[in-house]
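Work through the exercises below with the sequence and the model open. Each task is followed by a solution in steps.

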Amino acid sequence: MTKEHFKKDHINKNLDDGIINHEQFEDLRELFEEDFEKLIRAYIVDSQHRIETLRAARTANDNVNGFEIAHALKGASANLGATQLVALSHQLQEHCRERKINQQASLIEDIALALQHVEQETNKRLS
(Lines give C-alpha, C1' and ligand atoms only; values in the text may rest on other atoms or scores of the structure.)
Protein backbone atom coordinates (compact mmCIF):
# COMPACT_ATOMS: atom_id res chain seq x y z
CA MET A 1 0.00 0.00 0.00
CA THR A 2 1.42 3.36 -1.00
CA LYS A 3 1.72 6.24 1.43
CA GLU A 4 -0.90 8.21 -0.54
CA HIS A 5 -3.32 5.25 -0.58
CA PHE A 6 -2.85 4.74 3.16
CA LYS A 7 -3.50 8.45 3.74
CA LYS A 8 -6.79 8.31 1.78
CA ASP A 9 -7.94 5.20 3.66
CA HIS A 10 -7.02 6.85 6.96
CA ILE A 11 -8.97 10.01 6.05
CA ASN A 12 -12.02 7.99 5.02
CA LYS A 13 -11.88 6.01 8.27
CA ASN A 14 -11.65 9.22 10.29
CA LEU A 15 -14.60 10.62 8.41
CA ASP A 16 -16.63 7.52 9.18
CA ASP A 17 -15.66 7.68 12.85
CA GLY A 18 -16.96 11.19 13.42
CA ILE A 19 -17.99 13.44 10.58
CA ILE A 20 -19.88 15.83 12.84
CA ASN A 21 -19.72 16.30 16.58
CA HIS A 22 -23.24 15.29 17.62
CA GLU A 23 -23.47 17.50 20.70
CA GLN A 24 -22.25 20.60 18.88
CA PHE A 25 -24.62 19.95 15.96
CA GLU A 26 -27.61 19.58 18.28
CA ASP A 27 -26.66 22.68 20.29
CA LEU A 28 -26.58 24.68 17.05
CA ARG A 29 -29.92 23.20 15.98
CA GLU A 30 -31.45 24.25 19.30
CA LEU A 31 -29.97 27.73 19.03
CA PHE A 32 -31.20 28.43 15.49
CA GLU A 33 -34.46 26.46 15.68
CA GLU A 34 -36.49 26.91 12.46
CA ASP A 35 -33.61 28.72 10.71
CA PHE A 36 -31.22 25.82 11.28
CA GLU A 37 -31.81 24.07 7.96
CA LYS A 38 -31.24 27.36 6.07
CA LEU A 39 -28.02 27.85 8.00
CA ILE A 40 -26.79 24.36 7.06
CA ARG A 41 -27.67 24.86 3.38
CA ALA A 42 -25.86 28.21 3.35
CA TYR A 43 -22.81 26.61 5.01
CA ILE A 44 -22.68 23.86 2.35
CA VAL A 45 -23.03 26.27 -0.59
CA ASP A 46 -20.50 28.70 0.90
CA SER A 47 -18.04 25.89 1.63
CA GLN A 48 -18.33 24.53 -1.91
CA HIS A 49 -17.53 28.00 -3.21
CA ARG A 50 -14.55 28.22 -0.86
CA ILE A 51 -13.20 24.92 -2.15
CA GLU A 52 -13.41 26.19 -5.72
CA THR A 53 -11.57 29.31 -4.62
CA LEU A 54 -8.94 27.16 -2.88
CA ARG A 55 -8.39 25.27 -6.13
CA ALA A 56 -7.90 28.58 -7.95
CA ALA A 57 -5.54 29.83 -5.23
CA ARG A 58 -3.47 26.65 -5.57
CA THR A 59 -3.26 27.07 -9.34
CA ALA A 60 -2.20 30.71 -8.90
CA ASN A 61 0.20 29.77 -6.06
CA ASP A 62 -1.64 32.33 -3.91
CA ASN A 63 -0.69 31.33 -0.37
CA VAL A 64 -2.15 34.45 1.25
CA ASN A 65 -5.62 33.93 -0.22
CA GLY A 66 -5.37 30.18 0.37
CA PHE A 67 -4.58 30.78 4.04
CA GLU A 68 -7.52 33.17 4.46
CA ILE A 69 -9.98 30.84 2.74
CA ALA A 70 -8.77 27.80 4.71
CA HIS A 71 -9.08 29.85 7.90
CA ALA A 72 -12.66 30.88 7.09
CA LEU A 73 -13.59 27.30 6.18
CA LYS A 74 -12.04 26.05 9.40
CA GLY A 75 -14.03 28.53 11.48
CA ALA A 76 -17.35 27.82 9.79
CA SER A 77 -16.74 24.08 10.09
CA ALA A 78 -15.82 24.42 13.76
CA ASN A 79 -19.12 26.19 14.45
CA LEU A 80 -21.01 23.25 12.93
CA GLY A 81 -18.82 20.63 14.61
CA ALA A 82 -17.42 19.27 11.32
CA THR A 83 -14.27 17.96 12.99
CA GLN A 84 -12.54 16.41 9.96
CA LEU A 85 -13.01 19.59 7.92
CA VAL A 86 -11.54 21.61 10.77
CA ALA A 87 -8.45 19.39 10.88
CA LEU A 88 -7.94 19.37 7.10
CA SER A 89 -8.45 23.13 6.81
CA HIS A 90 -5.91 23.65 9.58
CA GLN A 91 -3.40 21.49 7.69
CA LEU A 92 -3.92 23.59 4.58
CA GLN A 93 -3.41 26.78 6.59
CA GLU A 94 -0.08 25.45 7.80
CA HIS A 95 1.01 24.58 4.25
CA CYS A 96 0.03 28.06 3.10
CA ARG A 97 2.02 29.54 5.97
CA GLU A 98 5.00 27.55 4.61
CA ARG A 99 4.19 28.94 1.12
CA LYS A 100 3.40 25.48 -0.29
CA ILE A 101 -0.20 25.78 -1.50
CA ASN A 102 0.90 24.86 -5.02
CA GLN A 103 1.76 21.37 -3.69
CA GLN A 104 -1.61 20.82 -1.99
CA ALA A 105 -3.92 19.54 -4.75
CA SER A 106 -4.47 16.27 -2.91
CA LEU A 107 -5.23 17.99 0.40
CA ILE A 108 -7.73 20.33 -1.26
CA GLU A 109 -9.47 17.32 -2.81
CA ASP A 110 -9.51 15.66 0.64
CA ILE A 111 -11.25 18.80 1.92
CA ALA A 112 -13.79 18.57 -0.91
CA LEU A 113 -14.44 14.90 -0.05
CA ALA A 114 -14.82 15.75 3.64
CA LEU A 115 -17.39 18.40 2.72
CA GLN A 116 -19.34 15.82 0.70
CA HIS A 117 -19.44 13.60 3.77
CA VAL A 118 -20.61 16.51 5.93
CA GLU A 119 -23.36 17.25 3.44
CA GLN A 120 -24.49 13.61 3.43
CA GLU A 121 -24.43 13.45 7.22
CA THR A 122 -26.35 16.71 7.67
CA ASN A 123 -28.96 15.54 5.13
CA LYS A 124 -29.46 12.37 7.20
CA ARG A 125 -29.77 14.35 10.42
CA LEU A 126 -32.21 16.84 8.92
CA SER A 127 -34.59 14.24 7.45
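Helices here are DSSP runs of H or I with at least four residues, strands are runs of E with at least two, and both are numbered from the N terminus. The model is a predicted one.

**Exercise 1. Find how many helices and strands the chain has, and give the order of its elements.**

Step 1. The chain has six helices and zero strands.
Step 2. Read from the N terminus, the order is α-α-α-α-α-α.
Step 3. The chain has 127 residues, and 37% of them are buried. Buried stands for a relative accessible area under 20%, exposed for over 50%, and partly exposed for the range in between.

**Exercise 2. Locate E34 and decide whether this residue is buried or exposed.**

Step 1. E34 sits in the loop that joins α2 (22-32) to α3 (36-59).
Step 2. The relative accessibility of E34 is 63%, so E34 is classed as exposed.
Step 3. E34 belongs to a surface patch of negative charge, together with E23, D27, E30 and E33. Patch members must have over 30% relative accessible area and no salt bridge.

**Exercise 3. Examine the pair E26 and R29: what joins them, and where do they lie?**

Step 1. A side-chain nitrogen of Lys or Arg must be within 4 Å of a carboxyl oxygen of Asp or Glu to count as a salt bridge.
Step 2. The closest N and O atoms of E26 and R29 are 3.1 Å apart, and the two residues form a salt bridge.
Step 3. Both residues are in helix α2, with a spacing of three residues, about one turn of the helix.
Step 4. E26 has a relative accessible area of 26% and is therefore partly exposed. R29, also partly exposed, has a relative accessible area of 26%.
Step 5. By the same rule, the salt bridges number 10.

**Exercise 4. Describe the salt bridges of D35 with K38 and of R125 with E121.**

Step 1. D35 and K38 pair through their side chains at 3.8 Å, N to O.
Step 2. D35 is partly exposed because its relative accessible area is 35%, whereas K38 counts as exposed at 59% relative accessibility.
Step 3. For R125 and E121, the N to O distance of the salt bridge is 2.8 Å.
Step 4. R125 and E121 are four residues apart in helix α6 (residues 105-126), so about one helical turn separates them.
Step 5. E121 has a relative accessible area of 15% and is therefore buried.
Step 6. Salt bridges also link E52, R55 and E109 into a network.

**Exercise 5. K74 has no salt bridge; find the nearest side chain of opposite charge and a polar contact of K74.**

Step 1. K74 is part of helix α4 (residues 63-80).
Step 2. K74 is buried, and the nearest side chain of opposite charge is that of E94, 6.6 Å away.
Step 3. Side chains of opposite charge can pair when their charged atoms come close.
Step 4. The K74 side chain does make a polar contact, at 2.8 Å, with the side chain of Q93.

**Exercise 6. Find the C-alpha separations of R58 from Q104 and of H90 from F67.**

Step 1. R58 is a residue of helix α3, and its relative accessible area of 26% makes R58 partly exposed.
Step 2. Along the chain, R58 and Q104 are 46 residues apart, while their C-alpha atoms are separated by 7.1 Å.
Step 3. H90 is a residue of helix α5 (residues 83-97), and H90 is partly exposed at a relative accessible area of 37%.
Step 4. H90 and F67 are 23 residues apart along the chain, with 9.1 Å between their C-alpha atoms.

Conventions
Residues numbered from 1 in each chain as written. Predicted model: local features only at pLDDT ≥ 70, side-chain atom pairs only at ≥ 80, totals over all residues. Heavy atoms only, no water. Patch = residues over 30% accessible without salt bridge, like charges linked within 9 Å, V, L, I, M, F, W, Y side chains within 5 Å. Areas by Shrake-Rupley, 256 points an atom, 1.4 Å probe, with all protein chains shown as cover. Lys, Arg positive; Asp, Glu negative; His and termini not counted. Charge placed at Lys NZ, Arg CZ, Asp CG, Glu CD. Buried < 20%, exposed > 50% of the residue type's maximum accessible area, 1.4 Å probe, protein only. Polar contact = N/O pair within 3.5 Å; in protein donor to acceptor, adjacent residues only side chain to side chain.
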